[in-house]
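Colleague: I am new to this structure and would like to go through it with you, asking at each step what stands behind the words you use.

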Amino acid sequence: MPFLSWVAVLALTIAAVLIGRTAREVERGGRHPGRHRFGTTLSISGPLLVAGVGLVWAVLTGNWVPAAAGTAGALILTAGLGLALAP
């Protein structure tokens, strides 16, 4: 069971990074270029950072499934926030 939950986290991480890459390809400009740049950075590198922190949390606590569930939720929030800042 822990293995499958972390495979799902890996799939979410890959999907979040790929979605973040589409935010980078959107035409730049607009009223808030700094906001767009921060959103793009958060969309691409944020999911990788969240997955790494979640994995470290799982190793330190030994609670693999709850850590995977928390990491999946954090990945979804990070990807959503990044896309909201860089539409």
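Colleague: Among contacts in the protein chain between residues at least 6 apart in sequence, what percentage join residues at least 24 apart?

Modeller: That share is 75%, where contact means heavy atoms within 4.5 Å. Please keep in mind that this is a predicted model, in which local features need pLDDT of at least 70 and side-chain atom pairs count only at pLDDT 80 or more, while totals for chains, interfaces and linings use all residues. Residues are numbered from 1 along each chain as its sequence is written, and side-chain values use heavy atoms, with hydrogens and water left out.

Colleague: What makes up the secondary structure of the protein chain?

Modeller: The chain has three helices and zero strands, and its elements run α-α-α from the N terminus on; helices (H or I, at least four residues) and strands (E, at least two) are DSSP runs, numbered from the N terminus.

Colleague: Why is Trp6 called buried?

Modeller: Buried means under 20% relative accessible area, exposed means over 50%, and partly exposed is in between, with a 1.4 Å probe and protein chains only. Trp6 has a relative accessible area of 15%, and therefore it counts as buried. Across the protein chain, buried residues make up 33% of the 87 residues.

Colleague: Which residues is Trp6 in contact with, leaving aside its neighbours within four places in sequence?

Modeller: Trp6 is in contact with Gly54, Leu55, Ala58, Trp64, Ala67, Ala68 and Thr71.

Colleague: What makes Trp6 and Trp64 an aromatic pair, and which kind is it?

Modeller: Rings of Phe, Tyr and Trp (its six-membered ring) pair if their centres lie within 6.5 Å, and planes under 30 degrees apart count as stacked, over 60 as edge-to-face and the rest as tilted. The count by this rule comes to one aromatic pair. For Trp6 and Trp64 the values are 6.3 Å centre to centre and 80° between the planes, and the pair is edge-to-face. This pair links distant parts of the chain, with Trp6 in helix H1 (residues 2-25) and Trp64 in helix H3, 58 residues apart. Trp64, at 33% relative accessibility, counts as partly exposed.

Colleague: Which residues make up the largest nonpolar core?

Modeller: A nonpolar core is a set of buried Ala, Val, Leu, Ile, Met, Phe, Trp, Tyr and Cys residues joined through side-chain atoms within 4.5 Å. The largest one has eight residues in all, namely Trp6, Val9, Val50, Ala58, Ala67, Ala68, Ala72 and Leu75. H1, H2 and H3 each supply at least two residues of this core, and H3 gives the most, with four residues.

Colleague: Which residues make the nonpolar surface patch?

Modeller: Met1, Leu55, Val59, Trp64 and Val65 make a nonpolar patch of about 490 Å², to which helix H2 (33-61) and helix H3 (64-85) each supply at least two residues. Leu55, in helix H2, counts as partly exposed at 40% relative accessibility.

Colleague: How do you know that Leu18 is exposed, and is Thr22 exposed or partly exposed?

Modeller: Leu18, in helix H1, has 54% relative accessibility and so counts as exposed. Thr22 also lies in helix H1, but with a relative accessible area of 42% it is partly exposed. From C-alpha to C-alpha, Leu18 and Ile44 are 7.7 Å apart in space and 26 residues apart in sequence, while Thr22 and Ser43, 21 residues apart along the chain, are separated by 9.2 Å.

Note on methods: Patches are made of residues with over 30% relative accessible area and no salt bridge: like charges are joined within 9 Å, nonpolar side chains (Val, Leu, Ile, Met, Phe, Trp, Tyr) within 5 Å. Accessible areas come from the Shrake-Rupley method with a 1.4 Å probe; for residues, only the protein chains shown count as cover. A salt bridge is a side-chain nitrogen of Lys or Arg within 4 Å of a carboxyl oxygen of Asp or Glu.
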